[in-house]
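Subject: Structure handover

Hello,

Here is the structure I said I would pass on. Please open it next to the notes below.

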Amino acid sequence: MKTIVAVTFQNKTNIFNHTEKCRNYLIYTINDSVIESKRLLELSINETLHSFFQSKSDTKRHILFDSDILLTRGIGNGAIEKLAKYGVACYKINESDPDAAINKLINGTLEAMSPISNSVSGCNCNCGKKEH
């Protein structure tokens, strides 16, 4: 079975902790527990999930909606619910290395944390703001 996994990768080093503002993603294609491909997806600021969700357009489709799973270090319930409407399962994880996270996902050992509402925890990007 083929699975496409998007991993937040803003700084091109570690898994990023602000999904909706992220402009860089690693896209892994996994087929029967084997990584077939890994590529970098670079988005413009107008292509972020934040911009997409703010546009409130039901006619557009975001490129990340081609993913089956999204892995990130920070995401709120609202974004999880919005992505779920498009068939993308989101997992907030502690792992910072994307390749290690993918290997744990394949091996069934990746641990996901429960997301906390942005109104309680802030945006999770360490910017000091409660919301964006």
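This is a predicted model: local features need pLDDT of at least 70, side-chain atom pairs count only at pLDDT 80 or more; totals for chains, interfaces and linings use all residues.

First, the chain as a whole. It has 132 residues, and 41% of them are buried. Its accessible surface is about 7300 Å², and carbon and sulfur atoms account for 46% of that. If you take the contacts between residues at least 6 apart in sequence, 47% of them join residues at least 24 apart.

Strands β2 (residues 24-31) and β3 (residues 34-42) pair in the antiparallel sense, with eight bridges between them.

Then the aromatic rings. The whole structure holds four aromatic pairs. One of them is F52 with F65, an edge-to-face pair with 5.2 Å from centre to centre and 85 degrees between the planes. F52 belongs to helix α1 and F65 to the loop between α1 and β4, so this pair links distant parts of the chain, 13 residues apart. Both F52 and F65 are buried.

F65 also pairs with Y86, and here the rings are stacked, at 3.8 Å centre to centre and 10 degrees between the planes. Because Y86 lies in the loop between α2 (77-85) and β5 (89-93), while F65 is in the loop between α1 and β4, the pair ties together parts 21 residues apart in sequence. Are the two residues of this pair buried or exposed? F65 counts as buried because its relative accessibility is 2%, under the cut-off of 20%. Y86 has a relative accessible area of 25%, so it is partly exposed. Taken together, ring pairs join F52, F53, F65 and Y86 into a cluster.

The loop between α1 (49-55) and β4 (69-72) also contains S67. S67 has a relative accessible area of 4%, so it is buried. What does S67 touch, apart from its neighbours within four places in sequence? Its contacts are I4, A6, I27, G87 and V88.

Last, helix α3, residues 98-107. Buried residues in this helix are P98, A101 and I102. Why are they on the same side of α3? They cover an arc of only 100 degrees around the axis, which means that they share one side of the helix. The buried residues of α3 pack against β1 (2-8), β2, β3, β4 and β5.

Both ends of α3 are worth a look. Just after the helix comes G108, with a positive phi of about 80 degrees.

Regards

Key. Residues are numbered from 1 along each chain as its sequence is written. Side-chain values use heavy atoms; hydrogens and water are left out. Two strands pair if DSSP finds at least two bridges between them. Helices (H or I, at least four residues) and strands (E, at least two) are DSSP runs, numbered from the N terminus. Buried means under 20% relative accessible area, exposed over 50%, partly exposed in between (1.4 Å probe, protein chains only). Contact means heavy atoms within 4.5 Å. Rings of Phe, Tyr and Trp (its six-membered ring) pair if their centres lie within 6.5 Å; planes under 30 degrees apart count as stacked, over 60 as edge-to-face and the rest as tilted. The arc is that of the directions from the helix axis to the C-beta atoms. Accessible areas come from the Shrake-Rupley method with a 1.4 Å probe; for residues, only the protein chains shown count as cover.
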